[in-house]
Amino acid sequence: EPASGVQREEDGMEITTRESHGVAILDVEGKVTHGIGDVKLREAFVKALDGGKDKVLINLEGVKAMDSSGLGELIRCRATAASRGAEIKLLNVNLKTYKLLTMSRLIGVFDMYDDEAKALASFEG
């Protein structure tokens, strides 16, 4: 039986925000699921916008799981970005998340990249 601290870490989610070339990059680790990561994702995203960033790259490389709540939060973030004249793009979408986007007919809604340098360059154009 694992220690409770280990369990919490597995079930939780962390977001690290960094900046490169004027783009806020949210490095997401863990689960973007109902009640766990969805709220944290929104808070980190809004904080970046409130901080004056109008270009946000969400790096999903460390995401272990995403459910419809997490997906819904990505859609809400995109709508919020649009209403504020900001851009949002996705980086390192894993196969599970890609399939979820495909099943939800959301492929094409987001610009997706698997190379950070290319993603950052895309904001310049």
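This is a predicted model: local features need pLDDT of at least 70, side-chain atom pairs count only at pLDDT 80 or more; totals for chains, interfaces and linings use all residues.

Colleague: Let's start with strand E2: which residue of E3 does Asp27 stand opposite?

Modeller: E2 has partners to look at on both counts we care about. With E1 (residues 13-20) the pairing is antiparallel, over eight bridges, and there Thr16 has Asp27 as its bridge partner. With E3 (residues 55-66) E2 runs parallel, joined by eight bridges. On that E3 side, Asp27 stands opposite Asn59.

Colleague: And which residue in the turn between E1 and E2 has a positive phi?

Modeller: Those two strands form a hairpin, with two residues between them. The turn residue with a phi of about 50° is His21.

Colleague: What handedness does the unit made by E2, H2 and E3 have?

Modeller: E2 and E3 run parallel, and helix H2 (residues 37-50) belongs to the unit along with them. This β-α-β unit is right-handed.

Colleague: Is Ala65 buried, partly exposed or exposed?

Modeller: Ala65 is found in strand E3. Beyond its sequence neighbours, Ala65 is in contact with Gly30, Lys31, Val32 and Thr33, and its C-alpha is separated from that of Lys31 by 4.8 Å, though they are 34 residues apart along the chain. Buried would need under 20% relative accessible area. Ala65 has 24%, so the label is partly exposed.

Colleague: Now the packing: how many residues are in the largest nonpolar core?

Modeller: Val28, Leu41, Phe45, Ile58, Leu60 and Leu74 have the most contacts inside that core. Elements giving two or more residues to it include E2, H2, E3 and helix H3. Apart from it lies another core of seven residues, among them Ile25 and Phe123. The largest one has 28 residues.

Colleague: At the start of H3, which residue's side-chain oxygen reaches the backbone nitrogen of Ser69?

Modeller: Ser69 is one of the buried residues of H3, along with others including Leu74 and Cys77. What covers the buried residues includes E2, H2, E3, E4 and H4. The oxygen comes to within 3.0 Å of that nitrogen, and the residue is Asp67.

How values were computed:
Residues are numbered from 1 along each chain as its sequence is written. Side-chain values use heavy atoms; hydrogens and water are left out. Two strands pair if DSSP finds at least two bridges between them. Helices (H or I, at least four residues) and strands (E, at least two) are DSSP runs, numbered from the N terminus. A crossover is right-handed if, with the strands pointing away from the viewer, the path from the first strand over the helix to the second runs clockwise. A nonpolar core is a set of buried Ala, Val, Leu, Ile, Met, Phe, Trp, Tyr and Cys residues joined through side-chain atoms within 4.5 Å. Buried means under 20% relative accessible area, exposed over 50%, partly exposed in between (1.4 Å probe, protein chains only). Contact means heavy atoms within 4.5 Å. A polar contact is a pair of N or O atoms within 3.5 Å; within protein, one must be able to donate a hydrogen and the other to accept it, and residues adjacent in sequence count only if both atoms are side-chain atoms. Lists of a residue's contacts leave out its neighbours within four places in sequence.
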